[in-house]
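Work through the exercises below with the structure open beside you, and try each task before reading its solution.

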Amino acid sequence: MKSAKRVAIIGAGASGLTCIKSCLDEDLEPTCFEMSDDIDGIWNYQFSKDKGSIYKSLVTNTCKEMMCYSNFPMPGEYPNYMPHTKVLQYFRLYAENFDLMKYIRFKTNVCSVTKQQDFSSTGQWTVKTKDSKGNFASSVFDAVMICTGHHCDPHLPLELIPGKAVFKGEYMHSKEYKEPQPFEGKRVVIVGTGNSGGDLAVEISRFAKQVFLSTRRGAWIWNRIGYKGYPLDMMILTRFVCLLNNALSPFMNWYFQRSLNNKFDHENYGLQPTHSVSCQTPTVNDDLPHCIISGTVLVKSNVKRFTETAAIFEDGSVEEVDIVVFATGYTFPFPFLDESVVKVNENDVSLYKNVLPPQLEQPTLFVIGLIDPVGSIIPLSELQSRWAS
């Protein structure tokens, strides 16, 4: 009897869990390596600057109906938009329901993933790992699924901002942010108007003396709540709306931009983007317009340079600041892989179907969840893992 093919899965977050499930569905033998001591991903909040990218008050931007796995709906008693504690609880329920935990090796770091000498014929990989006790191990697998996600190394564009060396205040990446209390009485610049930048600007403004939100190209601000109080993403992320977008793209862009400006005129408050609404991941924030209108958050142009105590913006304005928070995204290196296997060029990775390195002689290495969708990554990771399996 032929033995089952062995699959190494790197990471036990939202993508890693569904990869285990998909492998089991195809009678494969998965082994998942997780460097922490728990099913992890970005949803397992811990008060540590080095841990993950979520903060204590985080609530999802996508509703539960749109972010669950296809074969395991969210519990009915969960709210439509969930705090991170509910999301982590859902992952635990999912892992328990399908008995996935026994396939995960916790506190195990993947050191290297290399091709076997006969890779061109077998497609096999050697995976070297190190456990929490410092013990090294090496195993051969028929395939590898990489589920390390987007939120790996924080991107700090300090080299693009002159004066950083003379600035005497503090600066940090949004990954380090956990709670707003340390910002009480401070003048704070948030650089970046993505979802993290918007959330932090709102929360810090309740404690800080003043928050400045610096934007390079503006942002379209969406609400979570749509028509008659239904979750907005459940209403607009449908096949019908997708069909309209494909057939009538200029009209749909005009319609959505008009609707957003009817609620909050982006040009009046310095957030009018030069790009259309469909050309960037939406910034979802119910409270940011209120903070801008009330003056607790002041929208500023891009930071031009720093002095010892101030930030000078491209519009010529100068503001005294104590702390700078860079909500400028992440880079996603693959330190355990040779650069020829997965090529990362300025945070862009060329993958067939956003999953498979096209230059491999054998299609046995897959990158799962490395996409930036409009909506939740969870159902997309599930589809990718099923296709790869």
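**Exercise 1: a hairpin**

Task: Which residue takes a positive phi in the hairpin of S5 and S6?

Solution: In this hairpin, which has four residues between its strands, the residue with a positive phi, near 90 degrees, is Gly-134. As a next step, look at the two strands themselves: S5 covers residues 125–131 and S6 covers residues 136–141, and they pair in the antiparallel sense over six bridges, where pairing requires that DSSP finds at least two bridges between two strands. Finally, find Trp-125, which stands opposite Phe-141 in S6.

A note on the model: it is predicted, so local features need pLDDT of at least 70 and side-chain atom pairs count only at pLDDT 80 or more, while totals for chains, interfaces and linings use all residues. Residues are numbered from 1 along each chain as its sequence is written, and side-chain values use heavy atoms, with hydrogens and water left out.

**Exercise 2: one threonine**

Task: Is Thr-31 buried or exposed?

Solution: Begin by locating Thr-31 in strand S2, which runs over residues 29–33; strands here are DSSP runs of E with at least two residues, helices are runs of H or I with at least four, and both are numbered from the N terminus. The relative accessibility of Thr-31 is 7%, so Thr-31 counts as buried, given that buried means under 20% relative accessible area, exposed over 50%, and partly exposed in between, with a 1.4 Å probe and protein chains only. Then list the contacts (heavy atoms within 4.5 Å): leaving aside neighbours within four places in sequence, Thr-31 touches residues including Val-7, Ile-9, Tyr-103 and Phe-141.

**Exercise 3: an enclosed helix**

Task: How many of the eleven residues of helix H4 are buried?

Solution: Nine of the eleven residues in H4 (residues 195–205) are buried, so this helix is largely enclosed by the rest of the structure. Among them are Gly-197, Leu-200, Val-202 and Ile-204. To see what surrounds them, follow the packing partners of the buried residues of H4, which include strand S10 (187–191), strand S11 (210–214) and helix H8 (288–294).

**Exercise 4: the whole protein**

Task: How many helices and strands does the protein have?

Solution: The protein has nine helices and 22 strands. Its radius of gyration is 22 Å, close to the 21 Å that the globule rule gives for 389 residues, so the protein is as compact as a globular protein of that length; the radius is taken over C-alpha atoms, and the rule is 2.2 Å times the number of residues to the power 0.38. Of the 389 residues, 49% count as buried.
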